[in-house]
Amino acid sequence: MQPKIFIETYGCTQNKGDSEIIKYLLKEFLVDSVDKADIVIVNTCGVKGQTEKKIVERISLLLNNKKVIVSGCLPKINLNVIDKNVSGIIGPHDIDRIQ
């Protein structure tokens, strides 16, 4: 069975651009809503504390019924805040490995 993937993006223009690259690489697996997804890729930002808190809370909520992959700079800046139950972590310079 083919996975159904949804991408959520938080942060800067660079993150938005990275999410577009991820969408291109995974286009055959994308769905248009988080409700339809088996896997959610959360493309994160860790520059602002308020954004970091929002992302951490969102990841915890998603883990209740989805597989979650965390990408972006938050894991590089503050890996300790990422829930240990996520299915994967992709750094900002590794998005080409997502295939």
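User: In β2, which residue is the bridge partner of Thr9?
Analyst: Strands of a sheet pair through backbone hydrogen bonds, either parallel or antiparallel. Here the partner of Thr9 in β2 is Asn43, and Glu8 stands opposite Val42 of that strand. This is a predicted model, in which local features need pLDDT of at least 70, side-chain atom pairs count only at pLDDT 80 or more, and totals for chains, interfaces and linings use all residues. Residues are numbered from 1 along each chain as its sequence is written, and side-chain values use heavy atoms, with hydrogens and water left out.

User: How many bridges join β1 and β2, and in which sense do they pair?
Analyst: Two strands count as paired if DSSP finds at least two bridges between them. Strands (E, at least two residues) and helices (H or I, at least four) are DSSP runs, numbered from the N terminus. β1 and β2 (residues 39–44) are parallel, with five bridges.

User: What is the strand order of the sheet?
Analyst: The order is β1-β2-β3-β4, in an open sheet of four strands with parallel pairing. β1 (5–9) and β4 (88–90) each have a single partner strand, so one side of each lacks a neighbour in the sheet.

User: Is β1 largely enclosed or left open by the rest of the structure?
Analyst: Buried means under 20% relative accessible area, exposed over 50%, and partly exposed in between (1.4 Å probe, protein chains only). Four of the five residues of β1 are buried, so β1 is largely enclosed.
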